[in-house]
Amino acid sequence: MSRIGKNPIALPQGVEVKVDGNVVTVKGKLGELIQELTSDITVKVEDGTIILDRPSDSKEHRAAHGLYRALINNMVEGVSKGFTKELELVGVGYRASNQGQKLDLALGFSHNIILDLAPEVKVETVSEKGKNPIVKLTSHDKQLVGQVAAKIRSFRKPEPYKGKGIKFVGEVLRRKAGKSA
């Protein structure tokens with residue numbers, strides 16, 4: 001039995017789940033998420049918990065069992081608590097500001113990078129004197145907030161010699177020694 005797939009998902013207060021064939025809809029105070037499942041995996045909602053079952057022990061069924069359990073758990077957690085990613089801009093002259101859903105990044109290129117974000121992702125920039133600017137992304141959709149964070153990080157990945165670039169807060173970078181004369 002799949003260790004992840006067999007665990008039941010507890011439903012927090014204020015979260016409702018609707019199963020319509022092979023489509024699961026999770027609705028909570030932060031929003032609504034929809035996930036389509038393969039026809040093999042069955043979902044049951046009983047007295048405050050969600051239980052997923054699979055028809056056989058084949059490799060595909062075991063893999064899908066754990067996958068869809070994790071996806072539905074992330075949906076439940078997202079609509080009840082939400083997800084946050086924080087990015088730190090390390091480098092002289094690197095700046096970040098936002099006007100609504102437009103994120104303006106100054107990353108040492110000839111022009112600033114202006115990024116329009118999806119309405120589901122809330123963006124906030126923190127710039128304190130003497131500290132690196134921080135971009136906070138918040139959403140109820142874990143996949144979307146991770147994708148947007150990866151897109152922002154891809155503009156200037158941290159380099160191994162000085163550590164300049166955009167990194168996640170708490171990310172440990174592998175540093176290299178420079179040339180020795």
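Helices (H or I, at least four residues) and strands (E, at least two) are DSSP runs, numbered from the N terminus. The model shown here is predicted, so local features need pLDDT of at least 70 and side-chain atom pairs pLDDT 80 or more, while totals for chains, interfaces and linings use all residues. Residues are numbered from 1 along each chain as its sequence is written, and side-chain values use heavy atoms, without hydrogens or water.

View 1. Look for H140 in the loop between β12 and α2. H140 counts as buried because its relative accessibility is 12% (buried means under 20%, with a 1.4 Å probe and protein chains only). Beyond neighbours within four places in sequence, its contacts (heavy atoms within 4.5 Å) include L33, V79, F83 and E120.

**View 2. The largest nonpolar core.** A nonpolar core is a set of buried Ala, Val, Leu, Ile, Met, Phe, Trp, Tyr and Cys residues joined through side-chain atoms within 4.5 Å. Here the largest one has 21 residues, and L89, L103, L105, V135, L137 and I152 touch the most other members. Two or more residues come from each of β7 (83-90), β9 (102-106), β10 (113-116), β12 (134-139) and α2. Helix α2 gives the largest share, five residues.

**View 3. I152 close up.** Leaving out residues up to four places away in sequence, I152 touches L87, L103, L105, L115, L137 and I166.

Technical notes. Buried < 20%, exposed > 50% of the residue type's maximum accessible area, 1.4 Å probe, protein only.
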